[in-house]
Amino acid sequence: MIGFLRPAAHISRLDDGKIDPVYKRLRIQVFLGIFFGYAAYYFVRKNFALAIPYLVQEGFSKGELGFALSAISIAYGLSKFLMASISDRSNSRFFLPLGLTASAVVMMTMGFFPWATSSVTIMFVLLFINGWFQGMGWPPCGRLMVHWWSKSERGGLVAVWNCAHNVGGGIPALLFLLGMTIFGDWHTAFWIPGLAALVMAVICLVVLRDTPQSCGLPSIEEYKNDYPEDYDKEKDEQEFTAKEIFVEYVFKNKMLWIIAFANVFVYLIRYGILDWSPTYLSEVKHFTLDKSSWAYALYEYAGIPGTLLCGWMSDRVFKGNRGATGFFFMLLVTIATVVYWLNPAGNPGVDMACMIIIGFLIYGPVMLIGLHALELAPKKAAGTAAGFTGLFGYIGGSVAASAIIGYTVDSFGWDGGFYVMITGSVIACLLMLLTVAGEKRHRRKMEAMGETAYSSR
């Protein structure tokens with residue numbers, strides 16, 4: 001592995017009097033880095049969807065453009081899983097901004113050079129490359145969260161951090177609207193967000209740090225005196241081989257498989273609505289550019305309070321039952337999607353409200369699945385576990401949202417596209433119910449392991 005990407009070496013421990021203030025300062029610093037750094041990945045992930053209406057005018061079909069768009073999801077799903085293994089054995093301070101820089105360069109290429117959007121093949125290749133670099137964003141964030149925050153803190157922390165999806169996801173539409181106003185060129189959908197991403201990559205490089213031990217601090221479990229029931233210092237602080245991570249802590253984990261399949265259908269509805277909203281609202285609901293851009297942005301921003309509410313309800317109302325919380329939110333998503341579909345043209349307020357409601361609801365289940373994956377594996381394998389669920393979400397759900405819905409709309413109209421999305425949302429509800437029983441069994445297993453560990457001390 002390239003030298004600067006190797007995990008930062010442990011250094012001599014700081015004096016006891018310095019540990020608390022340094023830990024507090026660096027935790028704030030690291031959180032700001034992973035929050036705004038990951039938000040910036042979304043500047044250059046789904047902005048291609050904003051250009052689709054203009055590419056349709058240039059003669060491309062929705063199926064062709066959906067196929068091209070699916071390249072991001074295919075590459076991202078594979079990369080998020082494979083890069084997660086590398087991330088678990090890398091220095092997150094460099095890993096995250098490196099991927100962000102590369103992704104930004106690809107998007108700027110599509111914006112500045114006409115050949116980059118001249119054919120479906122070229123667009124597919126460039127978007128695939130972009131998607132691969134996008135896979136370098138989530139894993140280091142997950143790795144840093146489990147190293148800098150203890151298990152009892154992560155529920156609220158992940159809920160807040162997960163809002164980075166929405167903060168970053170809504171910005172490209174607003175930057176595009178600004179670019180069209182100033183330059184009158186739809187290619188600004190690519191290069192203006194790319195420039196913004198480059199600036200954020202530099203900021204991340206400055207503020208991020210790797211593990212606490214690389215800064216002269218104790219492990220987070222020792223610092224907070226907050227040890228999981230099955231915590232084993234020797235096991236949890238050791239570095240695993242790639243084979244150990246994949247075989248022992250991912251492929252043999254039945255609960256991880258269940259939530260991974262659920263993620264397929266959560267992502268289908270998440271990106272089915274988001275990716276096609278600029279085109280659907282323009283063609284069917286007759287929205288102008290400014291209205292469709294605001295609908296796109298508000299879908300993302302509505303996810304911020306929705307995610308926070310979901311995290312609170314998961315802890316307080318559903319007593320930590322992630323599956324039951326996810327089922328409740330996905331059921332409401334299904335209802336809102338049906339209303340969005342059946343609402344006749346000429347009622348823009350209803351369409352806008354449905355976009356906001358779906359955005360408010362959908363990111364909660366996305367957050368819960370990511371959080372659950374982090375908790376189902378040792379922290380040295382957490383990035384890979386989360387990457388595994390992401391592999392399913394993107395290769396299955398997001399690809400279907402792009403390519404399958406695109407070709408379905410070409411063949412059967414928008415009604416056919418909504419049949420696909422609503423069916424997927426119903427399946428997501430059913431899989432969330434399956435996780436309820438699985439969570440109970442997993443908790444009993446963890447409690448038994450905790451009692452065994454305690455009795456051996």
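This is a predicted model: local features need pLDDT of at least 70, side-chain atom pairs count only at pLDDT 80 or more; totals for chains, interfaces and linings use all residues.
Modeller: Residues are numbered from 1 along each chain as its sequence is written, and side-chain values use heavy atoms, with hydrogens and water left out.

Biologist: How many helices and strands does the chain have?

Modeller: The chain has 17 helices and 0 strands. Helices are DSSP runs of H or I with at least four residues; strands are runs of E with at least two; both are numbered from the N terminus.

Biologist: What share of the chain counts as buried?

Modeller: Of its 457 residues, 61% count as buried. Buried means under 20% relative accessible area, exposed means over 50%, and partly exposed lies in between (1.4 Å probe, protein chains only).

Biologist: What is the accessible surface of the chain?

Modeller: About 17200 Å², with 67% belonging to carbon and sulfur atoms. The areas come from the Shrake-Rupley method with a 1.4 Å probe; for residues, only the protein chains shown count as cover.

Biologist: What share of the contacts with a separation of 6 or more joins residues 24 or more positions apart?

Modeller: The share is 85%. A contact means heavy atoms within 4.5 Å.

Biologist: Why is K254 called exposed?

Modeller: Its relative accessibility is 70%. The limit for exposed is over 50%, so K254 counts as exposed. K254 sits in helix α13, residues 254–283.

Biologist: What makes A403 buried?

Modeller: A403 has 10% relative accessibility. Buried is under 20%, so A403 counts as buried. A403 belongs to helix α17, residues 382–455. Leaving out residues up to four places away in sequence, A403 touches G66, F67 and S70. A403 and A71 are 332 residues apart in sequence, yet 9.2 Å apart from C-alpha to C-alpha.

Biologist: How many salt bridges are there?

Modeller: The count is 8. A salt bridge is a side-chain nitrogen of Lys or Arg within 4 Å of a carboxyl oxygen of Asp or Glu. Side chains of opposite charge can pair when their charged atoms come close.

Biologist: Why is the pair E153 and R27 called a salt bridge?

Modeller: The N to O distance is 2.9 Å. The limit is within 4 Å, so the pair passes. The pair links distant parts of the chain: E153 is in helix α7 (residues 151–161) and R27 in helix α1 (residues 16–41), 126 residues apart. E153 is partly exposed at 22% relative accessible area, whereas R27 is buried at 12%.

Biologist: How do you know that K62 and E283 form a salt bridge?

Modeller: N and O are 3.0 Å apart, and the rule asks for within 4 Å. K62 lies in helix α3 (residues 62–87) and E283 in helix α13, so the pair ties together parts that are 221 residues apart in sequence. K62 is buried at 14% relative accessibility. E283, at 34%, is partly exposed.

Biologist: What makes D351 and K285 a salt bridge?

Modeller: Their closest N and O atoms are 2.6 Å apart, and the limit is within 4 Å. The pair links distant parts of the chain, with D351 in helix α16 (residues 348–375) and K285 in the loop between α13 and α14 (289–316), 66 residues apart. D351 is buried at 1% relative accessibility, and K285 is buried at 6%.

Biologist: Why is the link between R322 and S314 called a polar contact?

Modeller: Their side chains are joined at 3.0 Å. A polar contact is a pair of N or O atoms within 3.5 Å; within protein, one must be able to donate a hydrogen and the other to accept it, and residues adjacent in sequence count only if both atoms are side-chain atoms. R322 lies in helix α15, residues 322–342. R322 counts as buried at 10% relative accessibility.

Biologist: How many disulfides does the structure hold?

Modeller: The structure holds 0. A disulfide is a pair of cysteine sulfur atoms within 2.5 Å. C163 is buried at 4% relative accessibility, and C354 is buried at 5% relative accessible area.
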